[in-house]
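Hi everyone, thanks for coming. Please have a look at the chain on the screen, and then I'll walk you through it.

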Amino acid sequence: MPLTYSRYLKIEELLALQQPASSPPEHDETLFIVIHQVYELWFKLLLHEFDKIRRDFSAGDLWGSIATWKRARMVLKTLVGQIDVLETMTPMSFLTFRDRLESASGFQSTQFRELEFLLGHKRLQILDYYPPDDPGRGRLDRRLRERSVQDHFYDFLATRGIAIPAALRGRDVTLATEPNAEIQDALVSLYRQSPDVGVLLELMTDFDEGMQEWRYRHVKMVERTIGNKQGTGGSLGAEYLRTTLFKPLFPDLWAIRNRL
Ligand code: HEM
């Protein structure tokens, strides 16, 4: 039997996965399910791309990593753009099926947490929200213990002759990225002396800004859709989400802007 589009991409299986919990199905629940599933697929791709970037960094492959950062940045722009689609759903429409979500929330997206951990935003206590039998818990646990993109970025800097401080080389990789004054000095020199590395640093800054933009757009979407109500995940909703804003993934890249 020749391979077809549908068999290769498992289209029938894919189209069977959108199952509204409301009965009869509320019109906008289909949008809500599709958009979340699409997000999860993009998260899967981003994890795949960042795994490559880690390898590129450790191998000192500047141009390989630049190509992949460009892709990751475009995916992120798509993620932010998708919020416009979901914002066509009114608060009244969301209320027609919100109760059906019970305690389910994007807060429980394991892949989003994996992405945060992979990018260096590690928090051990996040694991408490995932029961040991949760299918994604093992992956998250592994990501916590793996070296982040930031750790591999130090490897890359070492291939460019930068002396990486001992405290960073031997650091506990389950902890979040911390700003470092010596790394900041090195980044300032690289910006001045190695424009090719400067291209990489700008792409990393773009991605970081894009993640902050996604968080901001998500909070505004939450505010316009549920106001100041609690989240289905049990948090204070928009009030909690506002505490996650304006926190960079790569603090060293932001700390030096006034020195460039
Ligand atoms: C009407 C649409 C949406 C509403 C009202 C909404 C609401 C919320 C609320 C209230 C929270 C805080 C946790 C809680 O108590 O539940 C949250 C967290 C979160 N949501 Fe959404 N959300 C929406 C759409 C989305 C979409 C499309 C995604 C994409 C995957 C998403 C991903 C997340 C993530 C990753 C978090 C955790 C953020 C963090 O802890 O930093 N949400 N959402």
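Let's begin with a definition: helices (H or I, at least four residues) and strands (E, at least two) are DSSP runs, numbered from the N terminus. By that rule, the chain has 13 helices and zero strands. Reading from the N terminus, the order is α-α-α-α-α-α-α-α-α-α-α-α-α. The C-alpha trace spans about 65 × 55 × 35 Å along its principal axes.

Please keep in mind that this is a predicted model, where local features need pLDDT of at least 70 and side-chain atom pairs count only at pLDDT 80 or more, while totals for chains, interfaces and linings use all residues. Residues are numbered from 1 along each chain as its sequence is written, and side-chain values use heavy atoms, with hydrogens and water left out.

Now to helix packing. Two packed helices are described by the angle between their axes and the distance between the axes. Here axes are lines fitted to C-alpha atoms, for helices over the stretch in contact, and angles run from 0 to 180 degrees between N-to-C directions. For the wording, angles under 35 degrees count as roughly parallel, over 145 as roughly antiparallel, 65 to 115 as roughly perpendicular and the rest as oblique.

Our guide is α3, residues 29–59, which packs against α4, residues 62–86, at about 165°, with the axes 10 Å apart. That angle is why α3 is roughly antiparallel to α4. The contact of α3 with α4 has 19 nonpolar, five polar and four charged residues. In these classes, Ala, Val, Leu, Ile, Met, Phe, Trp, Tyr, Cys and Pro count as nonpolar, Asp, Glu, Lys and Arg as charged, and the others, Gly among them, as polar.

How does α3 sit against α8? The two pack at about 25°, with axes 7 Å apart, so α3 is roughly parallel to α8. With α11, the angle of α3 is about 155° and the axes are 15 Å apart, which means that α3 is roughly antiparallel to α11.

What about handedness? A crossing is left-handed if the near helix is turned anticlockwise from the far one by less than a right angle, and right-handed if clockwise. α3 makes a left-handed crossing with α4, with α8 and with α11.

Next, the iron. Which residue is the only protein donor of the iron atom of the ligand? That is His218, through NE2, at 2.2 Å. Donors are N, O and S atoms within 2.8 Å of the metal (3.2 Å for Na, K and Ca); water is not among the atoms, so sites may look incomplete. You can find histidine 218 in α11, residues 195–226.

On a 1 Å grid over the protein atoms alone, a cavity is a set of points where a 1.4 Å probe fits but cannot get out, and a pocket is an open set with protein on both sides within 12 Å along at least five of seven lines; lining residues have an atom within 4 Å of a point. Grid points are joined across faces, edges and corners, and a volume is the space filled by probe spheres set on the points.

Searching the whole structure gives one cavity of 30 Å³ or more. The largest cavity has a volume of about 40 Å³, and its lining includes Phe153, Met204 and Asp252. Its lining residues are six nonpolar, one polar and one charged.

The second largest pocket has a volume of about 160 Å³. Among its lining residues are Arg73, Lys77, Phe207 and Glu213. Which helix gives the most to this lining? It is α11, with five residues. By class, the lining of the second largest pocket has three nonpolar, one polar and five charged residues.

Last, two backbone details. Most residues other than glycine have a negative phi, and most peptide bonds are trans. Lysine 10 has a positive phi of about 55° although it is not a glycine, and this lysine 10 is in the loop between α1 and α2. The peptide bond from serine 23 to proline 24 is cis, with omega near -5°. Proline 24 is in the loop between α2 and α3.
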